[in-house]
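Colleague: Please take a close look at one helix of this model and at what surrounds it. I would like the account in one piece, with the cut-offs stated.

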Amino acid sequence: MSGTVEAKLAELGLTLPEVVPPLAAYQPAVQSGVYVYTSGQLPMVAGKLPVTGKVGAEVTAEEAKQLAATCALNALAAVKSVAGDLDRVKRVVKVVGFVASAADFTGQPGVINGASELLGAVLGEKGVHARSAVGVAVLPLDAPVEVEVQVELTEA
């Protein structure tokens with residue numbers, strides 16, 4: 001166990017996954033000064049999407065909310081890959097969530113709550129953030145959700 005954040009993950013029954021390898025020409029996360037910016041994280045589990053399709057059609061809002069939590073967990077893994085230790089997270093600054101939505105689906109904020117609630121459960125007050133939840137026509141690999149995160153780190 002690396003520290004208190006990973007102990008909290010374990011307490012919640014969660015394991016930090018391996019960083020999802022890039023699907024194209026980008027890095028999973030980059031650091032600039034005290035900030036880490038993740039690339040959009042899909043809800044990959046063991047290298048695969050557990051569900052594909054549009055939210056409000058093939059995927060329920062509740063399923064998508066759980067997938068958004070998986071995206072946030074993958075984002076934490078990406079943050080750790082550049083920060084070295086999740087205990088360096090001073091705060092989550094911003095979360096942007098994308099929801100592949102059926103034409104009449106308007107529950108994007110509820111879906112992205114999955115990511116926000118996971119970050120809050122794991123990081124407490126440090127997980128409180130600004131956020132956007134956006135409906136889109138399609139996401140890579142027909143994923144239902146994608147989440148990107150910006151965090152501020154403490155000095156090394």
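Modeller: Helix α3 covers residues 108-123, 16 residues in total, and its first and last C-alpha atoms are 23 Å apart, close to the 22 Å expected at 1.5 Å a residue. The expected span of a helix is 1.5 Å times one less than its number of residues. Helices (H or I, at least four residues) and strands (E, at least two) are DSSP runs, numbered from the N terminus. The model is a predicted one: local features need pLDDT of at least 70, side-chain atom pairs count only at pLDDT 80 or more, and totals for chains, interfaces and linings use all residues. Residues are numbered from 1 along each chain as its sequence is written, and side-chain values use heavy atoms, with hydrogens and water left out.

At Gly 114, α3 bends by about 30°, the bend at a residue being the angle between axes fitted to the seven residues ending there and the seven starting there. Gly 114 is also among the buried residues of α3, together with Gln 108, Val 111, Ile 112, Ala 115, Ser 116, Leu 118, Leu 119, Val 122 and Leu 123. Buried means under 20% relative accessible area, exposed over 50%, and partly exposed in between (1.4 Å probe, protein chains only). These buried residues pack against α1, α2, β3, β4 (130-136) and β5; contact means heavy atoms within 4.5 Å. Just after α3, Gly 124 has a positive phi of about 60°.

For α2, 23 residues at 1.5 Å a residue should span 33 Å, and the end C-alpha atoms are 32 Å apart, which agrees. Just after α2 comes Gly 84, with a positive phi of about 90°. Within α2, Leu 67 is buried at 6% relative accessible area. Leaving aside neighbours within four places in sequence, Leu 67 is in contact with Pro 43, Pro 50, Val 51, Val 59, Pro 144 and Val 145. From Leu 67 to Glu 146 the separation is 79 residues in sequence and 8.7 Å in space, C-alpha to C-alpha.

The partners are Glu 6 and Lys 80, whose closest N and O atoms are 2.7 Å apart. Glu 6 lies in α1 (residues 4-11) and Lys 80 in α2 (residues 61-83), so the pair ties together parts that are 74 residues apart in sequence. Glu 6 is buried at 13% relative accessible area, whereas Lys 80 is partly exposed at 26%.

An α-helix has 3.6 residues a turn, so residues three or four places apart point the same way. Lys 8 is partly exposed at 26% and Glu 11 is exposed at 60%.

Lys 90 is partly exposed at 45%, while Glu 152 is buried at 17%. By this rule the count comes to five salt bridges.

Strand β3 also holds Lys 94, partly exposed with a relative accessible area of 29%. Not counting residues up to four places away in sequence, Lys 94 touches His 129, Ala 130, Arg 131, Ser 132, Glu 148, Val 149 and Gln 150. Lys 94 and Glu 6 are 88 residues apart in sequence and 21 Å apart in space, C-alpha to C-alpha.

That leaves the loop between β4 and β5, where Leu 141 and Asp 142 are found. Phi is positive in both, near 60° for Leu 141 and near 65° for Asp 142. Most residues other than glycine have a negative phi. Asp 142 is partly exposed, with a relative accessible area of 30%.

How values were computed. Salt bridge = Lys/Arg side-chain N within 4 Å of Asp/Glu carboxyl O.
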